[in-house]
Amino acid sequence: VAAVAAENSCVWLYAVAANDAGTGARAMNGVGGGPVRAVRTAGLTAFVGDVDQRDFGAAALRRNLEDLDWLDRTARAHHAVIEAIAERCPVVPMQLATVYTSDHSVAETLRERATDLRRVLSRIRARSEWGVKAFAAEPADLNTAPGDPPGQQTPATSGPGAAYLQRRRAQLMAQDKGRHDVMADALAVHAALSRLCVSARLYPPQSPDLAGPRARMVLNAAYLIADERASEFAATIADLTTRHRSVRLVVTGPWPAYSFVSEAHAEGLP
Amino acid sequence: MTQGSLAPAESPALSPGPLSGPQPANLGDILERVLDKGIVIAGDIRVNLLDIELLTIKLRLVIASLDTARQVGINWWESDPWLNAQAANGDHGRELEEENRKLRRRVKALESGGGRGG
């Protein structure tokens, strides 16, 4: 029953799926704690929820998005709903804070964009997104370098100044080498996974605030992998892990195909 | 909640076991996906995410294309010598490049300003 949004309420859009997607065997609560329901039109199903305009209207959104706790809660709630839908059927996730004034408005948009949405849905069918992050295996430690054990004395023939310079030079060379190895390994990982995926997308490495203070992220990638190749993907990760020791790999997923639904990133997909 | 708590719960010593159970996604992983410009459709209520200071400056999170990131100056990784060999080659080239860019902008501004004035 397409309800007209109550006064003071607006409609939060989570995702769009094909019409044959069941409304959901289990009830879900979404952003703002309200239930998730379906709006159907043009052979498509929009998953929506009613949210309070006082918290999710334009001005309130701008204010609330500056609040890290609110953002954390809301992003996770949005993602949880999309993830639950994605377990059952191919789904086009919407950007956080895609909000409408009414179900009518949602339906109108679905009708307008039906062709695009169906095209994207068919592209992501039976495919999942996997996140792969590579971190430098050892945090860049500027105070010690391999081959320079503490207490080791250089030959007395050179003065302390020269000895210092020699040590420093060896240190810098080792750092350069280490850095080079890390980048080479990260590139090799990306190359191997790129051969396996339908499409790849590189995100900028996350800042240390997000990635953890001691972790130097050198690769932050998303790969769209055919579900039938999921075990091949896992095997490849295992293989890369043993072969490329300069990086530490962290895999996340399977994700709904977030990174591959925008026009710009869907275009190249077969 | 402080920014420090954004860090993933994983231990630094965690060995990268071959898909040894799904890794917990950190807030950054989720945000870069749900805030990505993967808008296939736009809502009635619009908020320009680039206006959100928390997202663009405090989290230094890229919520759009790399081009947009450069536009709003959150391309920190490009000047990180660890991640960028060119940046490691020294500041000199970057300074020249920046000066060049400033001059080009200034010329453009002068030209367009002159056009309107005359």
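A:Asn64 is buried, with a relative accessible area of 11%; buried here means under 20% relative accessible area, exposed over 50% and partly exposed in between, with a 1.4 Å probe and protein chains only. I start there, but a word on the model comes before the rest. This is a predicted model, in which local features need pLDDT of at least 70 and side-chain atom pairs count only at pLDDT 80 or more, while totals for chains, interfaces and linings use all residues. Residues are numbered from 1 along each chain as its sequence is written, chains are lettered from A and ligands numbered from 1 in the order in which they are written, and side-chain values use heavy atoms, with hydrogens and water left out.

Back to A:Asn64. This residue belongs to helix H2 of chain A, residues 58-64. Helices (H or I, at least four residues) and strands (E, at least two) are DSSP runs, numbered from the N terminus.

A:Trp70 and A:Leu71 take us to helix H3. They are among its buried residues, which also include A:His78, A:His79 and A:Ile85. H3 of chain A covers residues 68-86, 19 residues in total, and spans 26 Å from first C-alpha to last, close to the 27 Å expected. The expected span is 1.5 Å times one less than the number of residues. At the start of H3(A), a side-chain oxygen of A:Asp67 comes to within 3.0 Å of the backbone nitrogen of A:Asp69.

Now the sheet. Four strands of chain A form an open sheet in the order S7-S8-S6-S9, with antiparallel pairing; two strands pair if DSSP finds at least two bridges between them. Strands S7 (199-203) and S9 (247-255) of chain A are at the edges with a single partner strand each, so one side of each has no neighbour in the sheet. From one strand to the next, the twist averages 20°.

How many bridges join S6(A), residues 127-136, to S8(A), residues 217-226? There are nine, in the antiparallel sense, and A:Gly131 stands opposite A:Ala222 of S8(A). S6(A) also runs antiparallel to S9(A), joined by seven bridges. A:Glu129 has a bridge partner in each of these strands: A:Leu224 in S8(A) and A:Trp255 in S9(A). Why is S6(A) called largely enclosed by the rest of the structure? Because nine of its 10 residues are buried.

Helix H8 of chain A, residues 230-243, lies across S6, S8 and S9, at about 165° to S9(A). Axes are lines fitted to C-alpha atoms, for helices over the stretch in contact, and angles run from 0 to 180 degrees between N-to-C directions.

Elsewhere, S2 (residues 36-41) and S3 (residues 44-52) of chain A pair antiparallel over six bridges, with A:Val36 opposite A:Gly49. Their hairpin has two residues between the strands, and A:Ala42 takes a positive phi near 50° there.

Last, the cysteines. A:Cys10 counts as buried at 1% relative accessibility, and A:Cys197 counts as buried at 15%. A search of the whole structure finds zero disulfides over all chains, a disulfide being a pair of cysteine sulfur atoms within 2.5 Å.

Technical notes:
Polar contact = N/O pair within 3.5 Å; in protein donor to acceptor, adjacent residues only side chain to side chain. Contact = heavy atoms within 4.5 Å.
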